[in-house]
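Visitor: Hi! I'm new here and would like a quick tour. Could you show me the structure?

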Amino acid sequence: MQLRFKEKTPAVGDIMNFVFTSDQPVSWLPGQFIHYTLPHKDADQRGDERWFTISSAPHEGEIHLTTRINREYSSSFKQNLMSMNAGDTIEADLPEGDFTVDDLSRDYVFVVGGIGITPFLSILKHLDHEGKGIRAELLYANRDESTIPFKDELESFGRKHPGFNITHFIGGNLIDEAALRAAGEKLNDPIYFVSGPEPMVEAFEAKFKEMGIDEAHSKFDYFPGYDAV
Ligand SMILES: Cc1cc2nc3c(=O)[nH]c(=O)nc-3n(C[C@H](O)[C@H](O)[C@H](O)COP(=O)(O)OP(=O)(O)OC[C@H]3O[C@@H](n4cnc5c(N)ncnc54)[C@H](O)[C@@H]3O)c2cc1C
(Lines give C-alpha, C1' and ligand atoms only; values in the text may rest on other atoms or scores of the structure.)
Protein backbone atom coordinates (compact mmCIF):
# COMPACT_ATOMS: atom_id res chain seq x y z
CA MET A 1 0.00 0.00 0.00
CA GLN A 2 1.01 3.64 -0.38
CA LEU A 3 0.95 5.88 2.68
CA ARG A 4 0.74 9.62 2.27
CA PHE A 5 2.98 11.86 4.38
CA LYS A 6 0.98 14.45 6.31
CA GLU A 7 3.36 16.16 8.72
CA LYS A 8 6.17 15.70 11.21
CA THR A 9 6.28 16.95 14.76
CA PRO A 10 9.34 17.02 17.01
CA ALA A 11 9.13 15.37 20.44
CA VAL A 12 11.66 15.50 23.27
CA GLY A 13 15.39 15.31 22.47
CA ASP A 14 16.11 13.92 19.01
CA ILE A 15 12.74 12.21 18.59
CA MET A 16 10.54 12.99 15.61
CA ASN A 17 6.99 11.81 14.96
CA PHE A 18 6.07 11.29 11.29
CA VAL A 19 2.35 11.18 10.49
CA PHE A 20 0.98 9.27 7.49
CA THR A 21 -2.52 8.68 6.16
CA SER A 22 -3.82 5.95 3.92
CA ASP A 23 -6.24 6.33 1.02
CA GLN A 24 -7.63 2.85 1.78
CA PRO A 25 -8.72 1.73 5.25
CA VAL A 26 -5.86 0.09 7.12
CA SER A 27 -6.28 -1.82 10.36
CA TRP A 28 -3.70 -2.86 12.91
CA LEU A 29 -3.35 -4.20 16.41
CA PRO A 30 -1.61 -1.95 18.96
CA GLY A 31 2.03 -3.05 19.12
CA GLN A 32 2.34 -4.04 15.44
CA PHE A 33 4.89 -2.66 12.98
CA ILE A 34 5.18 -1.83 9.27
CA HIS A 35 7.90 -2.59 6.73
CA TYR A 36 8.58 0.56 4.66
CA THR A 37 10.41 1.05 1.37
CA LEU A 38 11.64 4.52 0.45
CA PRO A 39 13.67 4.35 -2.78
CA HIS A 40 16.22 7.18 -3.01
CA LYS A 41 19.37 8.10 -4.90
CA ASP A 42 22.74 7.41 -3.27
CA ALA A 43 21.28 5.15 -0.59
CA ASP A 44 23.89 4.25 2.03
CA GLN A 45 24.73 0.65 2.89
CA ARG A 46 21.69 0.39 5.18
CA GLY A 47 19.56 0.66 2.05
CA ASP A 48 16.03 1.87 1.43
CA GLU A 49 13.98 -0.46 3.65
CA ARG A 50 13.16 -0.16 7.36
CA TRP A 51 10.72 -1.49 9.92
CA PHE A 52 8.97 0.87 12.30
CA THR A 53 6.39 0.24 14.99
CA ILE A 54 3.08 2.06 14.59
CA SER A 55 3.12 4.34 17.62
CA SER A 56 -0.45 5.56 17.10
CA ALA A 57 -3.52 3.62 18.21
CA PRO A 58 -6.08 2.40 15.65
CA HIS A 59 -8.76 4.92 16.73
CA GLU A 60 -6.44 7.79 15.74
CA GLY A 61 -6.95 6.84 12.08
CA GLU A 62 -3.39 7.90 11.15
CA ILE A 63 -0.17 5.96 11.14
CA HIS A 64 2.54 7.46 13.32
CA LEU A 65 6.18 6.50 12.84
CA THR A 66 8.26 7.69 15.79
CA THR A 67 12.01 7.57 15.57
CA ARG A 68 15.29 9.15 16.60
CA ILE A 69 16.89 11.59 14.17
CA ASN A 70 20.53 11.87 15.15
CA ARG A 71 21.70 15.45 14.49
CA GLU A 72 25.32 14.50 13.73
CA TYR A 73 24.66 11.37 11.65
CA SER A 74 21.51 10.11 10.01
CA SER A 75 21.19 7.26 7.52
CA SER A 76 20.21 8.21 3.98
CA PHE A 77 16.81 6.60 4.69
CA LYS A 78 16.14 8.95 7.60
CA GLN A 79 17.49 11.97 5.70
CA ASN A 80 14.92 11.21 3.00
CA LEU A 81 12.19 10.73 5.57
CA MET A 82 13.07 14.16 6.96
CA SER A 83 12.81 15.76 3.52
CA MET A 84 9.33 14.40 2.70
CA ASN A 85 6.72 17.02 1.89
CA ALA A 86 2.98 16.86 2.59
CA GLY A 87 1.36 14.61 -0.01
CA ASP A 88 4.53 12.58 -0.79
CA THR A 89 4.06 8.82 -0.61
CA ILE A 90 6.00 5.95 0.91
CA GLU A 91 5.57 2.25 0.10
CA ALA A 92 4.40 0.26 3.12
CA ASP A 93 3.49 -3.39 3.68
CA LEU A 94 0.46 -4.28 5.76
CA PRO A 95 0.93 -4.08 9.55
CA GLU A 96 2.23 -7.26 11.15
CA GLY A 97 3.74 -8.64 14.34
CA ASP A 98 2.71 -10.30 17.58
CA PHE A 99 4.13 -7.82 20.10
CA THR A 100 0.56 -7.30 21.23
CA VAL A 101 -1.23 -7.53 24.56
CA ASP A 102 -3.81 -10.22 23.95
CA ASP A 103 -5.18 -10.94 27.42
CA LEU A 104 -6.04 -8.21 29.92
CA SER A 105 -6.77 -10.78 32.62
CA ARG A 106 -2.97 -11.31 32.80
CA ASP A 107 -0.32 -9.12 34.50
CA TYR A 108 2.63 -7.64 32.62
CA VAL A 109 6.16 -6.33 33.13
CA PHE A 110 7.22 -3.98 30.32
CA VAL A 111 11.02 -3.66 30.04
CA VAL A 112 11.85 -0.75 27.75
CA GLY A 113 14.95 1.04 26.50
CA GLY A 114 14.42 4.56 25.11
CA ILE A 115 12.69 4.61 21.72
CA GLY A 116 11.55 1.02 22.40
CA ILE A 117 8.56 2.70 24.04
CA THR A 118 6.77 3.03 20.65
CA PRO A 119 4.70 -0.20 20.79
CA PHE A 120 3.59 0.63 24.34
CA LEU A 121 2.42 4.09 23.25
CA SER A 122 0.01 2.45 20.83
CA ILE A 123 -1.04 -0.19 23.37
CA LEU A 124 -1.65 2.32 26.19
CA LYS A 125 -3.41 4.90 23.99
CA HIS A 126 -5.70 2.14 22.73
CA LEU A 127 -6.52 0.93 26.25
CA ASP A 128 -7.17 4.48 27.41
CA HIS A 129 -9.51 5.07 24.47
CA GLU A 130 -11.39 1.86 25.33
CA GLY A 131 -11.62 2.94 28.98
CA LYS A 132 -9.60 -0.09 30.06
CA GLY A 133 -6.69 -0.27 32.47
CA ILE A 134 -3.88 -2.80 32.66
CA ARG A 135 -1.97 -4.33 35.56
CA ALA A 136 1.59 -3.64 34.47
CA GLU A 137 4.96 -2.48 35.79
CA LEU A 138 6.91 -0.39 33.25
CA LEU A 139 10.68 -0.48 33.81
CA TYR A 140 11.91 2.34 31.59
CA ALA A 141 15.63 2.89 30.90
CA ASN A 142 16.97 6.11 29.39
CA ARG A 143 20.34 7.82 29.16
CA ASP A 144 19.14 11.15 30.41
CA GLU A 145 16.35 12.37 32.69
CA SER A 146 15.60 15.36 30.46
CA THR A 147 15.03 13.38 27.25
CA ILE A 148 12.76 10.54 28.35
CA PRO A 149 10.47 9.85 25.38
CA PHE A 150 6.77 10.45 26.13
CA LYS A 151 7.32 10.74 29.89
CA ASP A 152 4.29 13.00 30.43
CA GLU A 153 1.92 10.83 28.38
CA LEU A 154 3.01 7.71 30.27
CA GLU A 155 2.67 9.36 33.66
CA SER A 156 -0.74 10.70 32.72
CA PHE A 157 -1.85 7.16 31.82
CA GLY A 158 -0.49 5.94 35.18
CA ARG A 159 -2.49 8.58 37.08
CA LYS A 160 -5.72 7.50 35.35
CA HIS A 161 -5.06 3.77 35.64
CA PRO A 162 -3.71 2.87 39.10
CA GLY A 163 -2.70 -0.66 38.06
CA PHE A 164 -0.02 0.83 35.79
CA ASN A 165 3.25 1.87 37.49
CA ILE A 166 6.44 3.32 36.05
CA THR A 167 9.97 2.98 37.43
CA HIS A 168 12.63 5.06 35.68
CA PHE A 169 16.22 3.88 35.27
CA ILE A 170 18.54 6.71 34.25
CA GLY A 171 22.13 6.55 32.98
CA GLY A 172 24.20 3.96 34.84
CA ASN A 173 21.24 2.81 36.94
CA LEU A 174 20.49 -0.28 34.88
CA ILE A 175 17.47 -2.60 34.92
CA ASP A 176 19.08 -5.60 36.61
CA GLU A 177 17.89 -8.97 37.84
CA ALA A 178 16.86 -7.52 41.20
CA ALA A 179 14.69 -4.91 39.45
CA LEU A 180 13.08 -7.57 37.27
CA ARG A 181 12.35 -9.75 40.29
CA ALA A 182 11.00 -6.81 42.32
CA ALA A 183 8.59 -5.89 39.51
CA GLY A 184 7.52 -9.51 39.03
CA GLU A 185 6.84 -9.97 42.74
CA LYS A 186 4.27 -7.16 42.72
CA LEU A 187 2.25 -9.08 40.11
CA ASN A 188 0.59 -12.44 39.56
CA ASP A 189 2.53 -14.71 37.17
CA PRO A 190 3.38 -11.80 34.80
CA ILE A 191 4.31 -11.89 31.13
CA TYR A 192 7.50 -9.92 30.36
CA PHE A 193 7.59 -7.72 27.22
CA VAL A 194 11.01 -6.33 26.25
CA SER A 195 11.50 -3.62 23.60
CA GLY A 196 14.45 -1.44 22.65
CA PRO A 197 17.86 -1.44 20.95
CA GLU A 198 18.76 -4.93 19.74
CA PRO A 199 21.81 -5.42 22.04
CA MET A 200 19.70 -4.53 25.07
CA VAL A 201 16.87 -6.88 24.11
CA GLU A 202 19.31 -9.73 23.43
CA ALA A 203 20.88 -9.19 26.85
CA PHE A 204 17.45 -9.53 28.51
CA GLU A 205 16.67 -12.62 26.47
CA ALA A 206 19.83 -14.24 27.88
CA LYS A 207 19.05 -12.98 31.40
CA PHE A 208 15.52 -14.45 31.23
CA LYS A 209 16.98 -17.87 30.34
CA GLU A 210 19.16 -17.68 33.48
CA MET A 211 16.18 -16.60 35.57
CA GLY A 212 13.89 -19.32 34.21
CA ILE A 213 11.44 -16.92 32.51
CA ASP A 214 10.23 -19.11 29.65
CA GLU A 215 8.84 -18.37 26.17
CA ALA A 216 5.24 -18.51 27.39
CA HIS A 217 6.08 -15.64 29.76
CA SER A 218 8.10 -13.38 27.44
CA LYS A 219 7.95 -11.44 24.17
CA PHE A 220 10.78 -9.49 22.54
CA ASP A 221 10.83 -6.58 20.06
CA TYR A 222 14.32 -5.91 18.67
CA PHE A 223 15.22 -2.52 17.15
CA PRO A 224 18.39 -2.99 15.06
CA GLY A 225 20.56 -0.01 14.11
CA TYR A 226 20.81 1.41 17.63
CA ASP A 227 23.51 0.93 20.24
CA ALA A 228 22.40 -0.17 23.73
CA VAL A 229 20.47 2.55 25.61
C1 LIG B 1 10.00 -4.71 14.18
C2 LIG B 1 10.83 -3.44 14.28
C3 LIG B 1 10.24 -2.29 14.80
C4 LIG B 1 10.99 -1.11 14.91
N5 LIG B 1 10.40 0.03 15.40
C6 LIG B 1 11.12 1.16 15.52
C7 LIG B 1 10.53 2.36 16.04
O8 LIG B 1 9.34 2.41 16.39
N9 LIG B 1 11.31 3.46 16.13
C10 LIG B 1 12.63 3.45 15.76
O11 LIG B 1 13.30 4.49 15.88
N12 LIG B 1 13.22 2.35 15.27
C13 LIG B 1 12.49 1.21 15.13
N14 LIG B 1 13.08 0.08 14.62
C15 LIG B 1 14.49 0.17 14.17
C16 LIG B 1 14.55 0.85 12.79
O17 LIG B 1 14.11 -0.04 11.79
C18 LIG B 1 15.99 1.31 12.45
O19 LIG B 1 16.84 0.18 12.38
C20 LIG B 1 16.54 2.29 13.49
O21 LIG B 1 15.65 3.37 13.66
C22 LIG B 1 17.90 2.83 13.05
O23 LIG B 1 17.70 3.60 11.90
P24 LIG B 1 18.81 3.83 10.79
O25 LIG B 1 19.41 2.50 10.43
O26 LIG B 1 18.16 4.57 9.69
O27 LIG B 1 19.94 4.61 11.52
P28 LIG B 1 20.03 6.09 12.12
O29 LIG B 1 19.11 6.17 13.30
O30 LIG B 1 19.93 7.15 11.10
O31 LIG B 1 21.52 5.98 12.55
C32 LIG B 1 21.94 6.57 13.67
C33 LIG B 1 22.92 5.65 14.34
O34 LIG B 1 23.98 5.29 13.43
C35 LIG B 1 25.19 5.16 14.12
N36 LIG B 1 26.19 6.05 13.48
C37 LIG B 1 26.64 7.22 13.94
N38 LIG B 1 27.54 7.75 13.09
C39 LIG B 1 27.65 6.87 12.07
C40 LIG B 1 28.41 6.86 10.87
N41 LIG B 1 29.24 7.84 10.56
N42 LIG B 1 28.26 5.80 10.04
C43 LIG B 1 27.42 4.79 10.33
N44 LIG B 1 26.68 4.76 11.47
C45 LIG B 1 26.79 5.79 12.32
C46 LIG B 1 24.90 5.54 15.54
O47 LIG B 1 24.73 4.35 16.28
C48 LIG B 1 23.61 6.33 15.46
O49 LIG B 1 22.85 6.27 16.64
C50 LIG B 1 12.35 -1.09 14.50
C51 LIG B 1 12.92 -2.26 13.97
C52 LIG B 1 12.18 -3.42 13.86
C53 LIG B 1 12.82 -4.64 13.26
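Predicted model: local features only at pLDDT ≥ 70, side-chain atom pairs only at ≥ 80, totals over all residues.

Visitor: Thanks! Which strand gives the most to the shell around the ligand?

Guide: That's S4, with 4 residues. Strand S4 spans 49–53, and S4, S5 and strand S11 (218–223) each supply at least two residues of that shell.

Visitor: And which residues come nearest to the ligand?

Guide: Of the 23 residues around the ligand, the nearest are Trp 51, Thr 67, Ser 75, Pro 224 and Tyr 226.

Visitor: What about Thr 67, how far is its polar side-chain atom from an oxygen atom of the ligand?

Guide: 2.6 Å for Thr 67. Tyr 226 also has a polar side-chain atom 2.6 Å from a ligand oxygen, and for Thr 118 the distance is 2.9 Å.

Visitor: How much of the ligand's accessible area does the protein cover?

Guide: The protein covers 78% of the 990 Å² that the ligand has on its own. The ligand takes up the space of the largest pocket.

Visitor: New topic: where is Ile 69 found?

Guide: Ile 69 is in the loop between strand S5 (63–68) and helix H1 (76–82).

Visitor: Is Ile 69 buried or exposed?

Guide: Buried, because its relative accessible area is 12%, and buried means under 20%.

Visitor: What does Ile 69 touch?

Guide: Leaving out residues up to four places away in sequence, Ile 69 touches Asp 14, Met 16, Phe 18, Ser 74, Lys 78 and Met 82.

Terms used
Residues numbered from 1 in each chain as written. Heavy atoms only, no water. Buried < 20%, exposed > 50% of the residue type's maximum accessible area, 1.4 Å probe, protein only. Contact = heavy atoms within 4.5 Å. Near = heavy atom within 4 Å. Polar contact = N/O pair within 3.5 Å; in protein donor to acceptor, adjacent residues only side chain to side chain. Areas by Shrake-Rupley, 256 points an atom, 1.4 Å probe, with all protein chains shown as cover. 1 Å grid on protein atoms, 1.4 Å probe; cavity = no way out; pocket = protein on both sides within 12 Å on 5 of 7 lines; lining within 4 Å. Sits in = over half its atoms within 2 Å of the grid points.
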